[in-house]
Amino acid sequence: MKKDLEIYIHIPFCVKKCAYCDFLSGPAEQSVQYRYVKRLLQEIQQSEQLAEQYEVSTVFFGGGTPSILPGEWIAEILSALKKIFTFRKDAEITIEVNPGTVDREKLRNYRESGVNRISFGLQSAKNEELRLLGRIHTWEEFLESYRMAREEGFTNINIDLMSALPGQTVESFRETLESVLALQPEHISAYSLIIEEGTPFYDRYEEHPELLPSEEDERQMYYDTKRILQEQGYERYEISNYAKPAYACRHNLGYWDRTDYKGFGLGAASLLSDVRTSNQTELFEYLDGNFSGTEEALTEQAIREEYFFLGLRKTEGVAVGIYQNYYEKLIQRLQMQHLLEEKDGKICLTEKGIDVSNYVLAQFLDE
Amino acid sequence: MATVDQSKIRNFCIVAHIDHGKSTLADRIIEKTGLLTSREMQSQVLDNMDLERERGITIKAQTVRTVYKAKNGEEYIFNLIDTPGHVDFNYEVSRSLAACDGAILVVDAAQGIEAQTLANVYLALDHDLDVMPVINKIDLPSAEPERVINEIEDIIGIEAQDAPRISAKTGQNVDEVLEQIIEKIPAPQGDPDAPLQALIFDSVYDPYKGVIIFCRIKEGTIRKGMPIRMMATGADADVVEVGYFGAGQFIPCEELSAGMVGYITGSIKNVKDTRVGDTVTDRSNPCKEPLPGYKKVLSMVYCGMYPADGAKYPDLRDALEKLQLNDASLFFEPETSIALGFGFRCGFLGLLHLEIIQERLEREYNLDLVTTAPSVIYRVHKTNGEMIELTNPTNLPDPSEIEYMEEPMVTAEIMVTTEFVGSIMTLCQERRGIYLGMEYLEETRALLKYDLPLNEIIYDFFDALKSRSRGYASFDYDFKGYVQAPMVKLDILINREEVDALSFIVHADSAYERGRKMCEKLKDEIPRHLFEIPIQAAVGGKIIARETVKAMRKDVLAKCYGGDISRKRKLLEKQKEGKKRMRQIGNVEIPQKAFMSVLKLDEN
């Protein structure tokens, strides 16, 4: 049997850069977008050799805002992939969609070309909070897009939410949760806002954390998310991800399980047989057909460390397996500190461990 | 060489306030007398330590001998002895001055006389040196040479009308300085045939030659092979080499006779045997009395120095030993701290000296150090009649055994423009100063005199002075003596454990305030842990202040997907790396810089 491969397609374009966003993306003219997709197709065609060893289990269109592209282009990219790669019958194919950038026709196009999962970047159900984030859409526009997606037959939908936003309160976040739950999406990703260097938010808030919700409120929002979603039958399967049974995002689980993945597009990362590569990050270079960037063959140490700091993000945890001897003492200590626990033969973070997961995960790195 | 006419020798130094251009003028003199071409000159030949050049201060005395062909056609030997320029090194300055016959006083044409100028001039006059004023930096737009000349005459009381008005930077009028040196600085005296009397004004350690003694021959003649004795330390040696100073090199010669300045070596292994100020004499024909003025310099400020990495303890010891070879005023002895492990209690002339040593250890010896708060020496009089000189707060006996304590006082002179007199007086009062008086030097400038406790000025007094006078105040001090004071030991408890390295001695009246600030500071320095950490200040077991480092509630990377695994790994690595710069005290990790936070209590 061939090995599973996950494919990531990076679309580095958006309508307008959000004030908190530090992803490799930005607005661009359609002619640039066109040249980009041309190169993307070319890059895909170059991976014939790779394709032989694998069977594709997931595809994920991320960005940026992939839904900014005409629907046919997404279809073209998928058909280029299918021409070269063997797809598993039940392959999960996701596209990130920004509310307000899709219409019925686009959604139908996605559906027809094989996309079976939509991930909406909603962030908040409060228009004032959306405005402060620099989002281009309102709650009402999102509702419209969501309704259309359902009508077009999408039965696996994720909604991205953010907590700890400027202007957000424990109460307003709870209301956002409730508004979203009324829609019964299959999956919810709920992140805390992280102020990243180099973003307008960094300039605005780094020196003024008092303008953001307090740490107490932020934690309260996190606990509320977990409690409310669990009451509604969502399972938290990773630090920030919740799903109804059988709807966990397989693509993302693959990252934490260290499944092989191949990224296409600007700055896209791949992990193939423990070699991590990263594409060119300069758009003009990529448009000239220079795709490749950095390459790093992971050492045994790096593999071991990644296995834990990625795997422990999952609530089911990881099997200690062959690393039993190596980490025995550490795991014991973290268990004594009530940061780790054993469950079904695996170790996983406790509630307290999740709160301070950076501390816990850092312990798995060698001195 | 043997028959140098004393009347053709001039031994002099340059005195100035910091930044008034002493080293630049020295460079020009060396350049103009043809010892080096300007191309060979590296700016400021005399300050040969990197650190000196960077900080623009002279730490060790430097000496250079040049030959000047005067306008009268005669050749003169100039021995220029550059003196250290900071109050910490006052004793060294005084010995260097004793080796000279005259002094060039450099005054900045824009700044005028400063506290240090006065201090140095008085020191020079005390040594009966003829002082020859030079007005420097006349190329500055703000230069007011006439005003400064009047100031020199009014304040110092020396004739200054014909003082050369120069720019050492551009070289303008430096020739005039050279001519005036011959005219105004007296030739040395002394009998070359008398029993040897030579003044040690500095010494350096050389791995091949041993200690190289810098000396001024006052009486007699010193030759190769002569059996010599250092009169104060009693150390004996036989002269291996004598010579004089080229620019940056030693030039051997046959002998040095009365009036000359030069060096001697004698396979001496330790600079401790060749104390600055001591007299070298001929063992076989000794002089009757040593030269006056010798004193053993004592360390004024102490602190603990610990290697950040405990394994580097032997490296730190080696480095301190090497530095001490050249710096007899550096004191150190091993000590152990519960918090910091093995290290050394080190003694310094003052805070600048401390900083210099610390920087040299870090830079030249590549050591990462944890330094504890500097402390002065307290005298602890015990009930059993014993007196201890306390250099490490940890060693303070139990209060029940203490009869009383004394702290060192200094007499400080602060020169300041009149508009800032009020704020400087307030500062001195805050630092427990005792007002001695004030003189108006001119309409806009006053000289304030205060007695101040040394422990109030070693931390940040100078910075506070500068900031409260917009940089205009200058400051100089002299050790005065010990006075009785109600001193207490302030202890710091972190997570209920006393951290010895954070204890310090403080006046009882300031204990509460200092304790409170210390807790606040530490609260900011100590990162949050998984549990709550109380920080307490205590005097004699009684808690007087408390802060709390709240438990870390949240430290999560919300997202981590395929594209940013490398980045997230770096983040985790950084988090882990940060821990290495921490000291583990009980369960608590304390950043190394927290141990110095006591230094910065007055920062806002």
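Me: Hi! Leaving aside neighbours within four places in sequence, which residues is A:Gln33 in contact with?
Reply: In this predicted model, A:Gln33 is in contact with A:Phe13, A:Ala28, A:Ile68, A:Leu69 and A:Trp73.

Me: And is A:Gln33 buried or exposed?
Reply: A:Gln33 is buried, because its relative accessible area is 4%, under the 20% cut-off. A:Gln33 belongs to helix H1 of chain A, residues 30-45.

Me: Switching to chain B: at what angle do helices H9 and H11 pack?
Reply: Helix H9 (residues 421-430) and helix H11 (residues 461-468) of chain B pack at about 155°, and their axes are 9 Å apart. That angle makes H9(B) roughly antiparallel to H11(B), and their crossing is right-handed.

Me: Nice. Which residues meet there?
Reply: From H9(B), B:Ser423, B:Ile424, B:Thr426, B:Leu427, B:Cys428 and B:Glu430 meet B:Phe461, B:Ala464, B:Leu465 and B:Arg468 of H11(B). Sorted by class, this contact has six nonpolar, two polar and two charged residues.

Me: How many aromatic pairs does the structure hold?
Reply: Over all chains there are 39 aromatic pairs. Take B:Tyr435 and B:Tyr450: their ring centres are 5.5 Å apart and the planes are at 70°, so this pair is edge-to-face.

Me: Where do those two tyrosines lie, B:Tyr435 and B:Tyr450?
Reply: B:Tyr435 is in strand E24 (residues 434-442) and B:Tyr450 in strand E25 (residues 445-453) of chain B, so the pair ties together parts 15 residues apart in sequence. B:Tyr435 is partly exposed at 41% relative accessible area, whereas B:Tyr450 is buried at 1%.

Me: Last one: which residues form the aromatic cluster in chain A?
Reply: That cluster is formed by A:Tyr307, A:Phe308, A:Tyr323, A:Tyr326, A:Tyr327 and A:Phe364.

Notes. Residues numbered from 1 in each chain as written. Chains lettered and ligands numbered in written order. Predicted model: local features only at pLDDT ≥ 70, side-chain atom pairs only at ≥ 80, totals over all residues. Heavy atoms only, no water. Helix = DSSP H or I, 4+ residues; strand = E, 2+ residues; numbered from the N terminus. Buried < 20%, exposed > 50% of the residue type's maximum accessible area, 1.4 Å probe, protein only. Contact = heavy atoms within 4.5 Å. Axes fitted to C-alpha atoms, helices over the stretch in contact; angles between N-to-C directions. Parallel < 35°, antiparallel > 145°, perpendicular 65-115°, else oblique. Left-handed = near helix turned anticlockwise from the far one by under 90°. Nonpolar A, V, L, I, M, F, W, Y, C, P; charged D, E, K, R; others polar. Phe/Tyr/Trp six-rings, centres within 6.5 Å; stacked < 30°, edge-to-face > 60°.
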